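Here's a quick tour of a protein model. Have a look at the picture, then read on.

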Amino acid sequence: MSRVVSIFTIVFCFLLVSAIGLPYLDRSSTASRLIGYSSAAAQATSTKKRRSLFSILFGRKNAKRKAVKKKNRKNTRRNRLLKKKRSSKLTKKKSSKSKTKKTNRNTKKKKRRLRAVAKIVAPVVVIKKLENANTVLVFGDFFSGALAGGLEKGLTKVADVVVLDKSNGNSGFVRSDVIDWPVVLPSLLSETKPAYIVAMLGSNDRQLMRDNGAKLKKRTPEWDAAYKKRVEALGRVLKTSGIPFVWVGLPPVRFKSMNKDFLFFNELYAKAAQSRNGRFIDVWDGFSNADGNYSRSGPDVNGQIVLLRPKDGINLTRAGRRRLAYYVQGQIEKAISSGSSYTNSSLAFDIEANIPKTSTYNPARTGKTIVIRLDDPAIDGAQTLAGEKLSLGKSKTDDFTVPVFNRSAPKGQRHGRVDDYTWPPQAAAPSGSAALAIAN
């Protein structure tokens, strides 16, 4: 029993020592205790934690492993940073090289396109305007400014027409404090003395109106009545001037609420212009699709599909300005330009001069009719067709013989036939073959 107890005590002590750990002894600490003083080194060493048996046996390996892991982590981070720096430098070099290559390619393409266009398109010949050239006065809001720019480009080859832009982008009928067009226009006409007037305004009028000190909300009955009075006042001023004028309607925009008001405005403008011996030009279909809604793209003056409106959906591009001016350019050339191809003294078709007046004209009996040539320039009073003279013979009309077939009724009796409508019906006489058969 004593042996068993001793073995048990030894095992218990071993386990106790392994759990608690041995006391840490140091020479400095023993010396300080023996002498009776404590130094800083002794205090520092005494504060150290005691090591357990597990740490004594396996602690060094774990510490080495941890140190190796830390070194590896640092190395991996450094490697990553180095890789990022190298990749960023390489990407910068590649991007700069690719950008330079793209720019070079784009410049080469642009040069090729410009050369091709220069070969196809003839250079624009700018003709000097005459000293006594007729002035076309364009006034209104920002749409009229775009219209004036398009007219200037369209009438560059017309020497006797000068476009005068007197537009104000913020003007309209509602904001009379900006410009009151019925009041300002008479003095403007006396100063400029135009031969033709082009009006286009109303796009800024969707707002509160002040009339006789009262504030009127947009599109109320009071607002509509006051707005109509202002439009009619401008129409009276244009009529009293005695100068031919054109009132251009508003085009559609991207916003449906604005389009509803613009359609109402166009109706008022059309009535004011037509009742004052003017002309109203409706450009709505020129800037809309088949359903009458807003369309950003469309055919230009040359028939090519291009962008007519920018991203805002209100203003006009260069092609859109030129297209807007196209509706007015013809009217101006007809009215005041003497050298234009549109000018024509007699545009009416004289049908009485081309139809014979004799009573003997009867194609059903005679088999002859009169053919009027569609390519005869004399029909509309001109002597040339597309700028070239044509020799179409001495006479304006040529006789053309039409074959007439006289279908006379066949001779013979109709008794017993399907088309015999005599009443009362008669017995049909037997034919020759039938008579021979009866006789036999």
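How many helices and strands are there in the protein chain? There are eleven helices and eleven strands, taken as DSSP runs numbered from the N terminus (helices are H or I with at least four residues, strands are E with at least two). Keep in mind that this is a predicted model, where local features need pLDDT of at least 70, side-chain atom pairs count only at pLDDT 80 or more, and totals for chains, interfaces and linings use all residues. Residues are numbered from 1 along each chain as its sequence is written, and side-chain values use heavy atoms, leaving out hydrogens and water.

**The whole chain**
- Of the 440 residues in the protein chain, 27% are buried (under 20% relative accessible area, with a 1.4 Å probe and protein chains only).
- Take the contacts (heavy atoms within 4.5 Å) between residues at least 6 apart in sequence: 67% of them join residues at least 24 apart.

**Two helices side by side**
- Helix H7 (residues 221-241) packs with helix H8 (residues 256-274) at about 35 degrees, and their axes are 9 Å apart (axes are lines fitted to C-alpha atoms over the stretch in contact, and angles run from 0 to 180 degrees between N-to-C directions).
- Where they meet, H7 brings residues including Trp223 and Tyr227, while H8 brings residues including Phe264, Phe265 and Tyr269.

**Aromatic rings**
- Ring pairs (centres within 6.5 Å, for Phe, Tyr and the six-membered ring of Trp) link Phe173, Trp223, Tyr227, Trp247, Phe262, Phe264, Phe265 and Tyr269 into a cluster.
- The count of aromatic pairs is twelve.

Technical notes:
Rings of Phe, Tyr and Trp (its six-membered ring) pair if their centres lie within 6.5 Å; planes under 30 degrees apart count as stacked, over 60 as edge-to-face and the rest as tilted. Buried means under 20% relative accessible area, exposed over 50%, partly exposed in between (1.4 Å probe, protein chains only).
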